[in-house]
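Trainee: Please take me through this model point by point, with the criteria stated as we meet them.

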Amino acid sequence: GQEWSKMRKVSAQIFNRKNFNSMMQDVFIQKAEVLRRFLERKFVPETASNCDAYAVDIQACFFNFTFDSIMRIFFGEDTNTAEGQKNTYGQAFDDANAASRTHGVDSIAPFMIFTTFLPWPFGGKNGGLARAIYDLLSPQHRQLRRCTKILDREANRLVKNCLEDPKFSERKDLLALFLQAKFSSEFVKQMVLHLIIAGRDTTACLLSWMVYELTKNQDVQKRLHEEIMQKLPPGKAMDWKNLSPSEMPYLNGVIYEALRIWPPVPFDLKMAFEDDVLPGGWKVPKFASVAFIPYNMGRDPERYPEPLHFRPERWIPFNAPPQHEFPVFQAGPRICLGMDMAIFEAKTATVELLRHCRFEMVPGQEITYGDKITMDMKSNGKEQFLVYVKPW
């Protein structure tokens with residue numbers, strides 16, 4: 001609607017090239033260096049022995065790295081969770097996400113009973129009193145409410161600090177732009193949640209699955225390291241141009257191959273606001289929901305031969321895939337405004353880490369996807385991915 005269009009126009013202001021060159025680029029490089037120094041100091045062994053002592057949850061590191069980056073760019077606040085600073089907002093968000101998902105799944109059968117067999121007000125539409133009592137007694141629902149209070153408190157703090165900033169009118173972070181555009185504080189608080197998902201989780205998931213593939217395919221990791229050392233060795237500054245597909249084709253191929261096999265948002269829904277017909281001739285009635293599944297689309301053997309093989313060469317030379325055939329970043333009017341930012345952020349972190357470190361998977365892990373809205377990793381039932389960080 002009109003509010004979405006206005007919100008998108010305001011958001012677009014922060015993703016222009018001038019803003020990118022003047023702010024985002026420096027933030028990503030600085031935060032990537034912080035993460036690399038933290039890993040080297042805490043986890044890189046001086047020798048190859050006793051490596052068990054240096055196992056690290058690299059997924060948690062990436063979530064902290066992306067959180068610190070977007071807090072500066074989106075909210076104008078400098079955090080340092082990559083080096084151990086407590087991440088109250090991020091932890092509450094993850095806990096609320098897990099509690100909501102678990103409670104939602106556990107509620108399906110009781111809700112069907114309440115709505116089908118109990119009369120109003122004991123049941124009926126929306127579950128009535130029975131649903132209210134069920135939620136009240138559910139530990140997951142209580143956890144969700146506790147986390148929601150923390151999220152509200154932190155969002156209120158961000159909004160309050162922004163409005164009280166003496167330089168508020170000069171600020172160019174996304175939170176300030178929304179408030180300057182006279183969106184209500186309540187709307188902006190909801191936007192904070194959306195921005196956390198969009199800016200933190202998606203890129204962190206991409207980096208985690210990319211490292212997973214590099215640990216499985218050491219030849220790919222070695223070749224990527226060689227390209228980095230040849231074109232962007234330690235000490236050489238990174239920028240938009242020298243990280244481009246033409247300058248770093250193998251790096252770009254690694255990123256896109258990870259996106260293809262492990263899209264951060266593997267499943268999505270859209271609702272038709274009027275009758276429509278899909279290209280294949282299928283009719284879509286007004287208000288019908290249509291799902292598309294990037295996870296399956298990226299594994300289509302007709303489009304990608306041997307789809308489960310991690311082959312960055314598929315993307316060399318690089319031709320940007322059509323949005324609707326590769327909807328990892330959505331498509332059309334709702335294409336992700338931060339697509340270029342996310343890819344640059346992932347490339348920056350990859351180059352900074354692989355200049356100095358290599359990764360090996362800790363043995364004995366059964367890897368699958370986790371419980372977040374985005375496709376994070378789960379190892380042996382825990383949302384983590386353990387690796388050894390070693391020098392080259």
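Trainee: How do the residues of the lining of the second largest pocket divide into nonpolar, polar and charged?

Mentor: This is a predicted model, in which local features need pLDDT of at least 70 and side-chain atom pairs count only at pLDDT 80 or more, while totals for chains, interfaces and linings use all residues. Residues are numbered from 1 along each chain as its sequence is written, and side-chain values use heavy atoms, with hydrogens and water left out. With Ala, Val, Leu, Ile, Met, Phe, Trp, Tyr, Cys and Pro counted as nonpolar, Asp, Glu, Lys and Arg as charged, and the others, Gly among them, as polar, the lining of the second largest pocket divides into 16 nonpolar, 4 polar and 4 charged residues.

Trainee: Which strand gives the most residues to the lining of the second largest pocket?

Mentor: This pocket holds about 990 Å³ of space, and of its 24 lining residues Lys-270, Leu-278, Val-290, Phe-292 and His-324 lie nearest its centre. The elements giving two or more residues to that lining are strand 2 (268–271), strand 3 (276–277) and strand 5 (289–292), strands being DSSP runs of E of at least two residues and helices runs of H or I of at least four, numbered from the N terminus. With 3 residues, the element that gives the most is strand 5.

Trainee: Which residues does Gln-330 touch, not counting residues up to four places away in sequence?

Mentor: Gln-330 is placed in the loop between helix 12 and helix 13, and its C-alpha lies 9.5 Å from that of Val-265, although the two are 65 residues apart in sequence. Taking contact as heavy atoms within 4.5 Å, and leaving out residues up to four places away in sequence, Gln-330 touches Asp-268, Lys-270, Phe-292, Gln-323, Ile-335 and Cys-336.

Trainee: At what angle do the axes of helix 10 and helix 13 cross?

Mentor: Gln-221, Leu-224, His-225, Ile-228 and Met-229 of helix 10 meet Thr-350, Val-351, Leu-354 and Arg-355 of helix 13, and this contact divides into 5 nonpolar, 3 polar and 1 charged residues. Helix 10 and helix 13 are therefore roughly perpendicular to each other, a description that covers angles of 65 to 115 degrees. The axes of helix 10 (residues 218–231) and helix 13 (residues 339–356) come within 9 Å and cross at roughly 95°.

Trainee: Where do helix 4 and helix 5 stand in orientation, and how is the pair described?

Mentor: The axes of helix 4 (residues 88–106) and helix 5 (residues 108–117) come within 4 Å and cross at roughly 50°. In the contact, Gly-104, Val-105 and Asp-106 of helix 4 meet Ile-108, Ala-109 and Pro-110 of helix 5, giving 4 nonpolar, 1 polar and 1 charged residues by class. Relative to each other, helix 4 and helix 5 are therefore oblique.

Trainee: What is the omega of the peptide bond that joins Ile-316 and Pro-317?

Mentor: Most peptide bonds are trans. The bond from Trp-120 to Pro-121 is cis, with omega near 10°, and Pro-121 sits in the loop between helix 5 and helix 6 (128–137). Pro-317 belongs to the loop between helix 12 (294–297) and helix 13, and the bond joining Ile-316 and Pro-317 is also cis, with omega about -10°.

Trainee: Which loop holds Lys-182?

Mentor: Most residues other than glycine have a negative phi. Lys-182, a residue other than glycine, has a positive phi near 70°. Its place is in the loop between helix 8 (174–180) and helix 9 (185–216).

Definitions and conventions. Axes are lines fitted to C-alpha atoms, for helices over the stretch in contact, and angles run from 0 to 180 degrees between N-to-C directions. Angles under 35 degrees count as roughly parallel, over 145 as roughly antiparallel, 65 to 115 as roughly perpendicular and the rest as oblique. On a 1 Å grid over the protein atoms alone, a cavity is a set of points where a 1.4 Å probe fits but cannot get out, and a pocket is an open set with protein on both sides within 12 Å along at least five of seven lines; lining residues have an atom within 4 Å of a point. Grid points are joined across faces, edges and corners, and a volume is the space filled by probe spheres set on the points.
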